[in-house]
Amino acid sequence: MYHLIFLVNGNGGNFKFIHQTIKLNILKNIKITILATQRCTAIDYSKNQNIDHYILDYSRFDDNLKKNFFSLLKSLQPDLIITTWNKIIDEETVNYFYGKMINLHYSLLPSFAGLTGIKPIQEAYHCRCKFIGPTCHFVDKEVDSGKIIAQAAF
């Protein structure tokens, strides 16, 4: 069984998409767990679908919160962690899970690195960019600077 953990704080569109592919038997032998720092639509969905979920406080500046987050992640033994939340993860956690932690960013990185949510798209529109698109990259200790796995431009 392959264990995916999604770090979410909003609607959880990517998580829901993966969940639907599992329900349709397109993806097999995958377990999903959700971690959020607040109650959100993705948490409500996970409750309704009987998907393991956790709500926990997190700040890379608070040693106790970092320790709790790190301990929980380790105990869950993820094969892959997909981050879409608006948090910068502490260096110890990133280093421990390096190669297993990816971020989905709504810009063609390195453009608009550090912006979250819809802001990269708004900024690209404001700058009259001819192309926009998402980037999937490995998380490293710098913000939005990890090795790019894939990009799509449109």
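I start with a definition: a residue is called buried under 20% relative accessible area, exposed over 50%, and partly exposed in between, with a 1.4 Å probe and protein chains only. By that rule Y58 is buried, with a relative accessible area of 5%.

Some conventions come next. What you see is a predicted model, in which local features need pLDDT of at least 70, side-chain atom pairs count only at pLDDT 80 or more, and totals for chains, interfaces and linings use all residues. Residues are numbered from 1 along each chain as its sequence is written, and side-chain values use heavy atoms, with hydrogens and water left out.

Let me turn to confidence. pLDDT is the predictor's confidence in each residue, on a scale from 0 to 100. For the protein chain the mean is 92, and 100% of the residues reach 70 or more. Helices (H or I, at least four residues) and strands (E, at least two) are DSSP runs, numbered from the N terminus. Among these elements, β3 has the highest mean pLDDT, 97, while helix α5, residues 119-126, has the lowest, 90.

Now the overall fold. The protein chain contains 5 helices and 7 strands, and their order along the sequence is β-α-β-α-β-α-β-α-β-α-β-β. The C-alpha trace spans about 45 × 40 × 25 Å along its principal axes. The radius of gyration, taken over C-alpha atoms, is compared with a globule rule of 2.2 Å times the number of residues to the power 0.38. For 154 residues a compact globule would come near 15 Å, and the protein chain, at 16 Å, agrees with that.

Of the 154 residues, 39% are buried. Accessible areas come from the Shrake-Rupley method with a 1.4 Å probe, and for residues only the protein chains shown count as cover. The protein chain exposes about 9100 Å², of which carbon and sulfur atoms supply 52%. Contact means heavy atoms within 4.5 Å. Among contacts with a separation of 6 or more, 54% are between residues 24 or more positions apart.

I move on to the aromatic side chains. A pair of rings is described by the distance of the centres and the angle of the planes. Rings of Phe, Tyr and Trp (its six-membered ring) pair if their centres lie within 6.5 Å; planes under 30 degrees apart count as stacked, over 60 as edge-to-face, and the rest as tilted. The count by this rule is 9 aromatic pairs. One of them joins Y58 and W85, which are stacked at 5.7 Å centre to centre with 25 degrees between the planes. This pair links distant parts of the chain, 27 residues apart: Y58 sits in the loop between β3 and α3, and W85 in the loop between β4 (80-83) and α4 (91-96). Like Y58, whose figure I gave as 5%, W85 is buried, at 5% relative accessibility.

A second pair is F70 with Y96, and it is edge-to-face because the planes stand at 80 degrees, with the centres 5.1 Å apart. F70 belongs to helix α3 and Y96 to helix α4, so the pair ties together parts 26 residues apart in sequence. Here F70 is buried at 13%, whereas Y96 is partly exposed at 47%.

How many salt bridges does the model hold? A salt bridge is a side-chain nitrogen of Lys or Arg within 4 Å of a carboxyl oxygen of Asp or Glu, and the count comes to 3. K31 and D52 meet at 2.5 Å, N to O. That pair connects strand β2 (residues 30-36), which holds K31, with strand β3 (residues 52-55), which holds D52, across 21 residues. Both ends are partly exposed, K31 at 33% and D52 at 36%.

R39 forms a salt bridge with D44, with 2.8 Å between the closest N and O atoms; R39 is exposed at 57% and D44 partly exposed at 26%. D63 and K66 meet at 3.4 Å, and both lie in helix α3 (residues 63-76), 3 residues apart, about one turn of the helix. D63 is exposed at 58%, while K66 is partly exposed at 22%.

Leaving aside neighbours within four places in sequence, I55 is in contact with A36, T37, Q38, R39 and I43.
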